[in-house]
Amino acid sequence: MLPFQLVIRNLSKSYGNLPVWDGLNLTLDSGHTYCLMGASGIGKTTLFRILLGLEQPESGSFSLEPSPGCGLTAVFQEDRLCEAFTPVDNVKLAAGNTLSRRQIAGELCRLLPRESLHRPVSTLSGGMKRRVAIARALLAPSCGILMDEPFTGLDEQTRHLVIHYVKEKANGRLLVVATHQEEDIEALGGILICPFPMKKM
């Protein structure tokens with residue numbers, strides 16, 4: 001993949017009379033990890049939703065320059081898994097034909113017990129579901145990954161395991177992580193950015 005930038009120009013968003021941010025400008029380079037920090041309600045999730053096309057700003061724009069020919073995947077605060085499907089099935093939905101079921105199972109075994117791979121996601125613990133959601137975003141074809149508080153609910157040992165996996169699988173893509181934990185920034189080797197006005201909704 002050739003280098004590219006995510007360029008955000010003068011983005012503004014509010015909910016009624018409550019401004020989230022005004023005139024946001026950012027330039028983020030592929031191959032780097034950026035960590036967004038700010039108080040809850042400051043606009044981190046809203047920014048991700050706009051970048052994913054789930055919300056529209058009042059003004060401003062964003063683009064991938066030059067276009068890398070692929071889009072963004074995401075880990076939301078909610079896992080957003082198909083509860084009746086297995087972990088392998090959930091990842092396969094996102095990965096499509098880029099990975100076989102056997103390859104997906106091999107990847108998931110790095111994060112989950114093998115016996116859990118072919119059970120409905122509804123039978124898994126919260127931490128296991130979180131790992132499936134993270135693997136799904138990382139294994140789907142994309143040029144960048146947006147992760148909204150991805151390590152919530154993981155114990156310390158699992159957190160370190162998952163962060164190592166995230167760093168490996170990012171593999172030259174753009175990685176943007178919203179977090180409240182300064183230790184996550186250090187563990188990810190991320191660049192801290194605090195672009196939001198300190199104004200809670």
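The model being a prediction, local features need pLDDT of at least 70 and side-chain atom pairs count only at pLDDT 80 or more, while totals for chains, interfaces and linings use all residues. Residues are numbered from 1 along each chain as its sequence is written, and side-chain values use heavy atoms, with hydrogens and water left out. Cys-35 is buried at a relative accessible area of 0%, whereas Cys-109 counts as partly exposed at 25%; here buried means under 20% relative accessible area, exposed over 50%, and partly exposed in between (1.4 Å probe, protein chains only).

Next, the cores. A nonpolar core is a set of buried Ala, Val, Leu, Ile, Met, Phe, Trp, Tyr and Cys residues joined through side-chain atoms within 4.5 Å. The largest has 37 residues, and Leu-108, Ile-134, Met-147, Phe-151 and Val-166 are the ones that touch the most other members. At least two residues of this core come from each of α2 (87–95), α3 (101–108), α4 (126–139), β6 (144–148), α5 (156–170), β7 (174–178) and α6 (182–188), and α4 gives the largest share, eight residues. Helices (H or I, at least four residues) and strands (E, at least two) are DSSP runs, numbered from the N terminus. A second, separate core holds 23 residues, among them Leu-6, Leu-47, Ile-50 and Ile-193. As a general point, nonpolar side chains tend to be buried together in soluble globular proteins.

Contact here means heavy atoms within 4.5 Å.

Helix α2 has Pro-87, Val-88, Asn-90, Val-91 and Ala-95 as its buried residues. Looking down the axis of α2, these fall within an arc of 165 degrees, so they line one face of the helix; the arc is that of the directions from the helix axis to the C-beta atoms. The cover over the buried residues of α2 includes α3 and α4. After α2 comes Gly-96, with a positive phi near 60 degrees.

Helices α4 and α5 pack at an angle of about 10 degrees, their axes 10 Å apart, which makes α4 roughly parallel to α5. Axes are lines fitted to C-alpha atoms, for helices over the stretch in contact, and angles run from 0 to 180 degrees between N-to-C directions; angles under 35 degrees count as roughly parallel, over 145 as roughly antiparallel, 65 to 115 as roughly perpendicular and the rest as oblique. On the α4 side, Arg-131, Ile-134, Leu-138 and Leu-139 meet Thr-158, Val-162, Tyr-165, Val-166 and Lys-169 of α5. Thr-158 counts as buried at 14% relative accessibility. Its C-alpha atom is separated by 8.3 Å from that of Leu-111, 47 residues apart along the chain.

Some backbone details sit in the loops. The peptide bond from Glu-65 to Pro-66 is cis, with omega near -15 degrees, and Pro-66 is in the loop between β4 (59–65) and β5 (72–75). Arg-80, in the loop between β5 and α2, has a positive phi near 55 degrees without being a glycine, and counts as partly exposed at 41% relative accessibility. Glu-149 is not a glycine either, yet has a positive phi of about 50 degrees; Glu-149 lies in the loop between β6 and α5.
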